[in-house]
Amino acid sequence: MRYKSTRNSNLRLEASQVIAQGISREGGLFVPESLPNVAEKLVAWSQLGYQELAQEIFSLFLTDFTPAEIESCVKKAYAPEKFGGEAVKLRPFTKNGNRCLLELWHGPTCAFKDMALQILPHFLTISLEKTGKGRKAVILTATSGDTGKAALAGFKDVPGTQVIVFYPQNGVSPMQKRQMATQAGGNVAVCAIDGNFDDAQAAVKRIFTDPAMNAALEKGGMLFSSANSINWGRLLPQIVYYFYAYFRLCKEGTLSLGEPMNVAVPTGNFGNILAAYYAKSMGLPIRKFLCASNANRVLTDFIRTGVYDRRREFFATISPSMDILVSSNLERLLYGLSGQDSGTLAGWMEELAQNGWYDVGEEVRQKVQAQFYGGFCDDAATARTIAETWRTEGYLCDTHTAVALDVYRQYVEETGDGGTPTVIASTASPYKFAADVLGALEPVSCVDEFQNIARLEELTGTQAPAQLAGLKDKPIRFQDMVAKDQAAAYVLAGLNLGGA
């Protein structure tokens, strides 16, 4: 398996090279040269546990890794003690047997990013051994809340790595901010950006593709890599849990092998839903992808019109991990749907960068709409969904999962397709957003996050994850903030390369 860039189809790189590098030099994202068809493997795979299934899927894409290396990565990443038992849990809804929640947040940081960021450090360590020539990897990441903490936790004190995370100062929840600000480890740094997530992401992309920055790192014996889903090593692990969810539905009798399911995903940077799309492209029976957005509805509008337009008001919402106007991984989808035409794709991305919008045209728009349904809901609808789900199901969901639940409701009302079993990605613990979840159930006057956690536990009879409750007694380590145009200087100073 070799990899190309969405903006340079002439590239042919090994998996270890693309994982170590993160993003292509011209700014494109790495994609597999082709996707394997695994339809004939579904019967055998349906009997596997999560770790065994992950090894089978990874072996198709990491062809310059040995089977022993892949097995070691999987066992270290998905050890039961890291996830409190099962890494992934499927929760059926009693009031609607055709929908279930795929809980992806039972890992160390209580967000779905753990499923990828517990294994990425192991992928990267092996990749550096193959390609790094002894250089230190600088993991540079922009986060809208969950990726940052998951990257910090995954790479903490991993030899040969340095982790720098940027987050929007007022664009993450208090718990997300505290998770990052208290992070232990001698190789980690966290800094707020005076702006929104798109500002942070754009700053990181500029740093990645800046020849002077890369020359400075080269001189210092370092290289950039990424923990965002722009890194193929972050995206690949997310493919696994859609296969696993499908096989679980088959085991429980909800589906017969070969029958399709739908997938609904609360979507920000388009990585999680893209992983489901790749699973379908490999032969997993999926009928429709429900792309759920909050008030920052740029993806909803794109799916419905074929025009991607970021020239709009940015909303800071109660589902902050989705507060994104430039969804990077959409580039990978469009590269495939345009016939892997890197010239056309690069043109669209240039139009977005220069003018703030692009139009993919009728042919590609129809291809998108054939597989994707786009919907959105605002904060009021998100809160109503949290309250309704608790009242009718006794299930406490977070603000992002609630967005997906509401868009699923819209989809059924609009299409009448309530009969197709649907897996709804549940992406974070409700206790990461305690004030807003509590506020959906009763008025909140307290600003202390830990008092809100205690009240939410008391009101619902549920229990906050220990890794969140325990943050109360951890010291704050990081309080830096820089302007968006000062991110590069912060990186150079943090790496002691200021004079490079």
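Thr-109 has 0% relative accessibility, so this residue counts as buried (buried means under 20% relative accessible area, exposed over 50%, and partly exposed in between, with a 1.4 Å probe and protein chains only). The model is a predicted one, in which local features need pLDDT of at least 70 and side-chain atom pairs count only at pLDDT 80 or more, while totals for chains, interfaces and linings use all residues. Residues are numbered from 1 along each chain as its sequence is written, and side-chain values use heavy atoms, with hydrogens and water left out.

Back to Thr-109, then: this residue sits in the loop between β5 (96–103) and α6 (114–117). Helices (H or I, at least four residues) and strands (E, at least two) are DSSP runs, numbered from the N terminus. Once neighbours within four places in sequence are set aside, Thr-109 is in contact (heavy atoms within 4.5 Å) with Asp-114, Lys-149, Ala-150, Ala-153, Gln-179 and Lys-432. Cys-110 is found in the loop between β5 and α6 too, and it counts as buried because its relative accessibility is 1%. The phi angle of Cys-110 is near 65°, a positive value in a residue other than glycine. Gln-340 also has a positive phi, near 55°. Gln-340 lies in the loop between α15 (330–337) and α16 (342–355) and, at 32% relative accessibility, counts as partly exposed.

What about the nonpolar residues? A nonpolar core here is a set of buried Ala, Val, Leu, Ile, Met, Phe, Trp, Tyr and Cys residues joined through side-chain atoms within 4.5 Å. The largest such core has 110 residues, and Phe-58, Ile-239, Tyr-242 and Phe-243 touch the most other members. Helix α12 gives this core its largest share, 14 residues. Apart from it lies another core, of 37 residues, including Ala-264, Ile-386, Val-403 and Leu-456. As for Phe-58, its contacts beyond four places in sequence are Ile-70, Val-74, Ile-119, Phe-123, Leu-236, Pro-237 and Val-240.

Next come the aromatic rings. Rings of Phe, Tyr and Trp (its six-membered ring) pair if their centres lie within 6.5 Å; planes under 30 degrees apart count as stacked, over 60 as edge-to-face and the rest as tilted. By this rule there are 24 aromatic pairs. Tyr-50 and Tyr-244 make an edge-to-face pair, 5.1 Å centre to centre with 75° between the planes. That pair links distant parts of the chain, 194 residues apart, with Tyr-50 in helix α3 (residues 50–61) and Tyr-244 in helix α12 (residues 232–251). Both Tyr-50 and Tyr-244 are buried. The planes of Tyr-277 and Tyr-278 meet at 50° and their ring centres are 6.2 Å apart, so this pair is tilted.

Helix α10 (residues 197–209) has 13 residues and spans 18 Å from its first C-alpha to its last, close to the expected 18 Å (1.5 Å times one less than its number of residues). Its buried residues include Phe-197, Ala-200, Val-204 and Phe-208. At the start of α10, a side-chain oxygen of Asn-196 comes within 3.0 Å of the backbone nitrogen of Asp-198.

Finally, Asn-496 is in the segment after α23 (487–494) and is exposed, with a relative accessible area of 70%. Its C-alpha atom is separated by 8.9 Å from that of Gly-220, 276 residues apart along the chain.

Technical notes:
A polar contact is a pair of N or O atoms within 3.5 Å; within protein, one must be able to donate a hydrogen and the other to accept it, and residues adjacent in sequence count only if both atoms are side-chain atoms.
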